[in-house]
Amino acid sequence: MIHSRMFGAVLLYSLLSGLAGGTALSDTATDLVGAFQVHSVSASAAPAGACTKVQLMVDNESRDDVQILGVSSDMATRARILANVGSRQPVALDSFIIPSGQSVEFSQSRWFELCGLTRSLAPGEAFAAELRTPRWTSPLIVHVH
């Protein structure tokens, strides 16, 4: 019993630290020159099969606009970007452009949703995800609140 718990703990650590090609993931995803940063990544607790709201902050200090296609994770079967438009129900977006030199918060008026959770998410845990653009993906650690 103790060996299986230790193996589980080592496996979880290896998974979270080994997703980025052997280097440990940090809570801030940064491109090679540090001009594009993703931080404050969190999700809501939710039962298996349900959806969770993923919130994050993106700083685009690069010289180029960046098109965000979405967030993906092995924790969910579906993902989408949602935005509040007026007083209507949230609308799904195909992508979102972050202009050069701007910061965008994905939390209240726009956010990511992961649905069909493969297991329950409890407060205090974390899971791996990726922020996708047409040219690259950035590995993320999502903290559950």
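Leaving aside its neighbours within four places in sequence, which residues is glutamate 113 in contact with? In this predicted model, the partners of glutamate 113 are Cys51, Thr52, Arg78, Ala79, Arg80 and Leu82. Glutamate 113 belongs to strand β10 and has a relative accessible area of 14%. Because buried means under 20% relative accessible area, glutamate 113 is classed as buried. Its side chain also takes part in a polar contact of 2.8 Å with the side chain of arginine 80.

## Overall organisation

The protein chain contains one helix and twelve strands. Along the sequence, their order is α-β-β-β-β-β-β-β-β-β-β-β-β. Of the 145 residues in the protein chain, 34% are buried. Among contacts with a separation of 6 or more, 64% are between residues 24 or more positions apart. The accessible surface of the protein chain is about 8400 Å², and carbon and sulfur atoms account for 55% of that surface.

## The nonpolar core

The largest nonpolar core consists of 28 residues. Within this core, the residues with the most contacts are Val38, Leu56, Phe106, Phe112, Phe127 and Leu131. At least two core residues come from each of β2, β3 (52-60), β4 (66-68), β8 (96-98), β9 (102-106), β10 (110-115), β11 and β12. Strand β2 supplies the largest share, four residues.

Leucine 56 gives a detailed view of these surroundings. Not counting residues up to four places away in sequence, leucine 56 touches Val38, His39, Ser40, Val41, Val71, Val104, Glu105, Phe106, Phe112 and Leu140.

## Aromatic rings and charges

Three aromatic pairs are present in the structure. One of them is formed by phenylalanine 36 and tryptophan 136, in an edge-to-face arrangement with 5.5 Å from centre to centre and 80° between the planes. Phenylalanine 36 lies in strand β2 (residues 36-43), whereas tryptophan 136 lies in the loop between β11 (126-132) and β12 (137-144); the pair therefore ties together parts that are 100 residues apart in sequence. The two residues also have their own accessibility values: phenylalanine 36 counts as buried at 1% relative accessibility, while tryptophan 136 counts as partly exposed at 24%.

A cluster linked by ring pairs contains Phe96, Phe106 and Phe112. Phe106 and Phe112 are also listed among the core residues with the most contacts. Another ring, that of tryptophan 111, has the charged end of lysine 53 over it, 4.6 Å from the ring centre.

Is glutamine 102 buried or partly exposed? Glutamine 102, in strand β9, has a relative accessible area of 42% and is partly exposed. Apart from neighbours within four places in sequence, glutamine 102 is in contact with Val58, Asp59 and Asn60. Glutamine 102 and aspartate 65 are 37 residues apart along the chain, and their C-alpha atoms are separated by 9.0 Å.

## Accessibility of selected residues

| Residue | Relative accessible area | Class |
|---|---|---|
| Phenylalanine 36 | 1% | buried |
| Glutamate 113 | 14% | buried |
| Tryptophan 136 | 24% | partly exposed |
| Glutamine 102 | 42% | partly exposed |

Definitions and conventions. Residues are numbered from 1 along each chain as its sequence is written. This is a predicted model: local features need pLDDT of at least 70, side-chain atom pairs count only at pLDDT 80 or more; totals for chains, interfaces and linings use all residues. Side-chain values use heavy atoms; hydrogens and water are left out. Buried means under 20% relative accessible area, exposed over 50%, partly exposed in between (1.4 Å probe, protein chains only). Contact means heavy atoms within 4.5 Å. Accessible areas come from the Shrake-Rupley method with a 1.4 Å probe; for residues, only the protein chains shown count as cover. Rings of Phe, Tyr and Trp (its six-membered ring) pair if their centres lie within 6.5 Å; planes under 30 degrees apart count as stacked, over 60 as edge-to-face and the rest as tilted. A charge sits over a ring if NZ of Lys or CZ of Arg is within 6 Å of the ring centre and within 35 degrees of the ring normal. A nonpolar core is a set of buried Ala, Val, Leu, Ile, Met, Phe, Trp, Tyr and Cys residues joined through side-chain atoms within 4.5 Å. A polar contact is a pair of N or O atoms within 3.5 Å; within protein, one must be able to donate a hydrogen and the other to accept it, and residues adjacent in sequence count only if both atoms are side-chain atoms.
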